[in-house]
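Dear colleague,

I am handing over the structure we spoke about, and below it you will find what came out of going through it. Please read the notes with the structure open beside you.

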Amino acid sequence: MFENLKLALAGAGATFDDVIKFTIFIVGLTPEKRKAVMEVRARYISHKNPPAATMIGVDQPVEPELLLLEIEAVAAVD
């Protein structure tokens, strides 16, 4: 998912350094799932200036065939 997000950011002329806010939605959020997402997220974000982030647990996706994880990213570019 973060690799796809990296491509989407690049398409807009941005990188993870330009991300100012993440909202992460996880179906069936547990401490283990939170930890796994945070470990992967840490590979991509700036540790000097990390973006704001919100993680939200949801019961189920709108459509059953949708993913179990959704990430929204807001980036600021000139």
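I begin with the largest pocket, which has a lining of 13 residues, with Pro-61, Leu-66, Leu-67, Leu-69 and Glu-70 lying nearest its centre. Please keep in mind throughout that this is a predicted model. The space in this pocket comes to about 210 Å³, and its lining, sorted by class, consists of 11 nonpolar residues, 1 polar residue and 1 charged residue. Two strands, E1 (19-27) and E3 (69-75), each supply at least two residues of that lining, and E3 gives the most to it, with 3 residues.

Among the residues nearest the centre of the pocket is Leu-67, which is found in the loop between strand E2 (52-58) and strand E3. Is Leu-67 buried or exposed? Its relative accessible area is 59%, and because the limit for an exposed residue is over 50%, Leu-67 is counted as exposed. When residues up to four places away in sequence are not counted, Leu-67 touches Met-1, Val-27 and Pro-61. Leu-67 and Ile-45, which are 22 residues apart in sequence, are 22 Å apart in space, taken from C-alpha to C-alpha.

For the chain as a whole, the secondary structure comes to 2 helices and 3 strands, and the order of these elements, read from the N terminus, is α-β-α-β-β. Along the principal axes, the C-alpha atoms fill a box of roughly 35 × 25 × 15 Å. The chain has 78 residues, of which 23% count as buried.

The largest nonpolar core is made of 12 residues, namely Phe-2, Leu-5, Leu-9, Ala-14, Phe-16, Val-19, Phe-22, Ile-24, Ile-26, Val-37, Ile-45 and Ile-71. Helix H1 (2-11) and strand E1 each supply at least two residues of this core, and the largest share, 4 residues, comes from E1.

In sequence Lys-6 and Tyr-44 are 38 residues apart, whereas in space their C-alpha atoms are 8.7 Å apart.

The relative accessible area of Thr-23 is 13%, and because buried means under 20%, Thr-23 counts as buried. Its side chain is also joined to the side chain of Lys-21 by a polar contact of 3.2 Å.

With best regards

Conventions. Residues are numbered from 1 along each chain as its sequence is written. This is a predicted model: local features need pLDDT of at least 70, side-chain atom pairs count only at pLDDT 80 or more; totals for chains, interfaces and linings use all residues. Side-chain values use heavy atoms; hydrogens and water are left out. On a 1 Å grid over the protein atoms alone, a cavity is a set of points where a 1.4 Å probe fits but cannot get out, and a pocket is an open set with protein on both sides within 12 Å along at least five of seven lines; lining residues have an atom within 4 Å of a point. Grid points are joined across faces, edges and corners, and a volume is the space filled by probe spheres set on the points. Ala, Val, Leu, Ile, Met, Phe, Trp, Tyr, Cys and Pro count as nonpolar, Asp, Glu, Lys and Arg as charged, and the others, Gly among them, as polar. A nonpolar core is a set of buried Ala, Val, Leu, Ile, Met, Phe, Trp, Tyr and Cys residues joined through side-chain atoms within 4.5 Å. Buried means under 20% relative accessible area, exposed over 50%, partly exposed in between (1.4 Å probe, protein chains only). A polar contact is a pair of N or O atoms within 3.5 Å; within protein, one must be able to donate a hydrogen and the other to accept it, and residues adjacent in sequence count only if both atoms are side-chain atoms. Contact means heavy atoms within 4.5 Å.
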